[in-house]
2 protein chains.
Amino acid sequence: MVENNLEQKNIKLIIAYDGTTFFGWQRQKDKPTIQGTVEEKIAAMVGEPVSLIGAGRTDAGVHALHQVANFRVSSPLTPPIFFKALNALLPASIIIKEAGYVPIDFHARYDAKSKVYEYRILNEDLHSPFLRHYAWQISRSLDVSVMKECLQIIQGAHDFSSFCSPGDGKINPVRTVIQAELEIEKGDLLTFILEANGFLRYMVRNLIGTIVRVGLGRLSVDGFAEILESRDRRHPGAKAPPEGLYLKDVKY
Amino acid sequence: MVENNLEQKNIKLIIAYDGTTFFGWQRQKDKPTIQGTVEEKIAAMVGEPVSLIGAGRTDAGVHALHQVANFRVSSPLTPPIFFKALNALLPASIIIKEAGYVPIDFHARYDAKSKVYEYRILNEDLHSPFLRHYAWQISRSLDVSVMKECLQIIQGAHDFSSFCSPGDGKINPVRTVIQAELEIEKGDLLTFILEANGFLRYMVRNLIGTIVRVGLGRLSVDGFAEILESRDRRHPGAKAPPEGLYLKDVKY
């Protein structure tokens, strides 16, 4: 037997990507995904398969400004080499922003203390041809003040069962929302910023979709609070489309 | 013979489009173009072929914030109907911003007094996955002051032969530059704004490409002035890529 005497190293990547043309983060057979694409390029560099752990498993069409991922290799290639070569090898829709060593037991997903997501809405009469993949375009006017009341309601620890994916039945549905804000730019670009110690699958999109119903006057703030309190996984949902969602930061 | 007793009307459209997936403005057989796509939808509405005249014939990958176009029809459909129906029928990459009647002899191209183009450059170390189709991404630092000197030089009436397409041999190459400015946002997004009474084919992209050579220190401001003065159509050129270019306005 040949002994592998190369020490294993753990390398962390900060990745930004335009999720438009990908079937989400998670590796899938025969479909382009972020994880699959980056793993393939790393494997081509080191000559063996690698497993890339991402902090957030973004869905199809969802973007990342700052995804954190790590992989373990025995290769002597250094982070600056991975940084340069991966940026040369990857499609222009995926950018490695940083690469560096981390302790061997660092795990991008399990070690994350909180994640920050951003959700962008263009609230203009006319859609923009340039934002069709980058924001949810809503022509009817949204009432910002009632949407902000909803954001107040979700602050802190709550059982978010009403806003999770129906498939998430066995997961503890309590999450702590650390930050829930709405920023307005030029009067028509609304950016929701949500930070929590973790998110259930589709939680951001279900929350935003339901808050938008409040903003459109189709649901009251009290109605929103009732949905949250009902902890009802069968909540019919009003899932916001993926193109407005960005993984913005991961904190450790 | 059936007499066509419907009066012809001339309808003007203001159009914004993301040029990424199109082979430019001008109709081409078997290739998606802006003109071809919009003509097809109008024809479907009025039941006969129409000819759409655009103010600027943008090239493949070039965008428009405000393209002006007109078409003549005998159809009784009104501009608000065209506005609504075209926005419903067209792909999300083409948006009709306005529709209205104009005098029957209005011609979007011949009547234009000036056109304004914008060219966007992202001058950051790292590329952005979100701007790969919407700006020229240049990692090496650009010297803004020398590029502004070049913009001073092109102001006014000049023979722009050095910056035209080799195929433009028979066209009068004198154009009057009314405005030539460089705006800087957040330190790394550079926007050139060029207004002229008309532009030769590839003129903006050849000018920007050559000015960027000055900004990179590969050509002096004097060298730039000499190229302009040489009026040499065989100028090797340094054509900037299409994705940074936007037709921004057309003035009548």
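The crossing of α4(A) and α5(A) is right-handed, where right-handed is clockwise and left-handed anticlockwise, as the near helix is turned from the far one by less than a right angle. This is a predicted model, in which local features need pLDDT of at least 70 and side-chain atom pairs count only at pLDDT 80 or more, while totals for chains, interfaces and linings use all residues. Residues are numbered from 1 along each chain as its sequence is written, chains are lettered from A, and ligands are numbered from 1, both in the order in which they are written.

**Chain A as a whole**

- Chain A contains five helices and 10 strands (DSSP runs numbered from the N terminus: H or I of at least four residues for helices, E of at least two for strands).
- With a radius of gyration of 20 Å, close to the 18 Å that the globule rule gives for 252 residues, chain A is as compact as a globular protein of that length (the radius is taken over C-alpha atoms, and the rule is 2.2 Å times the number of residues to the power 0.38).
- The C-alpha trace of chain A spans about 70 × 40 × 30 Å along its principal axes.

**α4 and α5 in chain A**

- Helix α4 (residues 203–215) of chain A packs against helix α5 (residues 221–230) of chain A at an angle of about 160°, and their axes are 9 Å apart (axes are lines fitted to C-alpha atoms, for helices over the stretch in contact, with angles from 0 to 180 degrees between N-to-C directions).
- That angle makes α4(A) roughly antiparallel to α5(A) (over 145 degrees; under 35 is roughly parallel, 65 to 115 roughly perpendicular and the rest oblique).
- Thr210(A), Ile211(A) and Val214(A) of α4(A) make the contact with Val221(A), Phe224(A) and Ile227(A) of α5(A) (C-beta atoms, placed from the backbone, within 7 Å).
- Sorted by class, the contact of α4(A) with α5(A) has five nonpolar, one polar and no charged residues (Ala, Val, Leu, Ile, Met, Phe, Trp, Tyr, Cys and Pro are nonpolar, Asp, Glu, Lys and Arg charged, and the others, Gly among them, polar).

**α3 and α5 in chain A**

- Helix α3 (residues 144–154) of chain A also packs on α5(A), at an angle of about 25° and with the axes 10 Å apart.
- α3(A) and α5(A) are therefore roughly parallel to each other.
- Here too we have a right-handed crossing, as α3(A) passes α5(A).
- From α3(A), Val146(A), Glu149(A), Cys150(A), Ile153(A) and Ile154(A) meet Val221(A), Phe224(A), Ala225(A) and Leu228(A) in α5(A).
- The contact of α3(A) with α5(A) has eight nonpolar, no polar and one charged residues.

**α4 and α5 in chain B**

- In chain B, the axes of helix α4 (residues 203–215) and helix α5 (residues 221–230) come within 9 Å and cross at roughly 160°.
- That makes α4(B) roughly antiparallel to α5(B).
- α4(B) passes α5(B) in a right-handed crossing.
- Thr210(B), Ile211(B) and Val214(B) in α4(B) meet Val221(B), Phe224(B) and Ile227(B) in α5(B).
- The contact of α4(B) with α5(B) has five nonpolar, one polar and no charged residues.

**How the two chains are related**

- The same surface serves both copies, as 100% of the contact residues of chain B recur in chain A.

**The contact between the chains**

- Chain B gives 15 residues to the contact and chain A gives 15 residues.
- On the side of chain B that touches chain A, the elements giving two or more residues are β1 (9–17) and β4 (94–102) of chain B.
- β4(B) supplies the largest share of that side, three residues.
- The residues of the side of chain B that touches chain A divide into nine nonpolar, three polar and three charged.

Terms used. Two residues are in contact if their C-beta atoms, placed from the backbone, lie within 7 Å.
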